[in-house]
Amino acid sequence: EKLNAALVSSTSSSTCSSSSSSSSSSTSSLPPSPASADTMRRRLEMQALSSEFYSAIPHLVRVSEPLPIIDNAQLIAEKVQLLQSLEQVVVATGLMMGRKS
């Protein structure tokens, strides 16, 4: 839920910040604009929330491959589908355990 809310606010601000970032990218000696600071803060928040998700639901990946930051609708949909599949496994396991006793 936190991840979804952060994604919505991140997506809406990214369209605003993309137009301002092109003008500020030509001069790197200037301090970051408030828009880019806000974008960075949101990116860090998405990274923290993604890390929290991956801690709760471990994923098998190569050591050299970083886990992706869950920051778009497609990745959220994939993770929702994964959670629904895990829920079905838990329910089925509970039913099987209930039948054995």
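**Entry 1: Asp-38 and Arg-41**

I looked up Asp-38 and found that it forms a salt bridge with Arg-41, with 2.8 Å between the closest N and O atoms. I count a salt bridge when a side-chain nitrogen of Lys or Arg is within 4 Å of a carboxyl oxygen of Asp or Glu. This is a predicted model, where local features need pLDDT of at least 70 and side-chain atom pairs count only at pLDDT 80 or more, while totals for chains, interfaces and linings use all residues. Residues are numbered from 1 along each chain as its sequence is written, and side-chain values use heavy atoms, with hydrogens and water left out.

Where do Asp-38 and Arg-41 sit? I find both in helix H2 (residues 34-56), 3 residues apart, so about one helical turn separates them. Helices here are DSSP runs of H or I with at least four residues, and strands are runs of E with at least two, numbered from the N terminus.

I then checked accessibility. Asp-38 is partly exposed because its relative accessibility is 23%. Arg-41 is also partly exposed, at 44%. The cut-offs are under 20% relative accessible area for buried, over 50% for exposed, and in between for partly exposed (1.4 Å probe, protein chains only).

**Entry 2: Arg-41 again**

Which residue besides Asp-38 forms a salt bridge with Arg-41? I noted Glu-45, with the closest N and O atoms 3.7 Å apart. Arg-41 and Glu-45 both belong to helix H2 and are 4 residues apart, about one turn of the helix. Glu-45 has a relative accessible area of 34%, so I list it as partly exposed.

I also looked at how these residues connect. Asp-38, Arg-41, Arg-42 and Glu-45 are linked in a network of salt bridges.

**Entry 3: Arg-62 and Glu-65**

How many salt bridges does the structure hold? I read a total of 5. One of them joins Arg-62 and Glu-65, with the closest N and O atoms 3.9 Å apart. Arg-62 is exposed, because its relative accessible area is 59%. Glu-65 is partly exposed, at 40%.

**Entry 4: Leu-75**

Last, I looked up Leu-75, which is in helix H3 (residues 73-100). Is Leu-75 buried or exposed? Its relative accessibility is 15%, so Leu-75 counts as buried.

I listed its contacts (heavy atoms within 4.5 Å). Setting aside neighbours within four places in sequence, Leu-75 touches Pro-68, Ile-69 and Ile-70.
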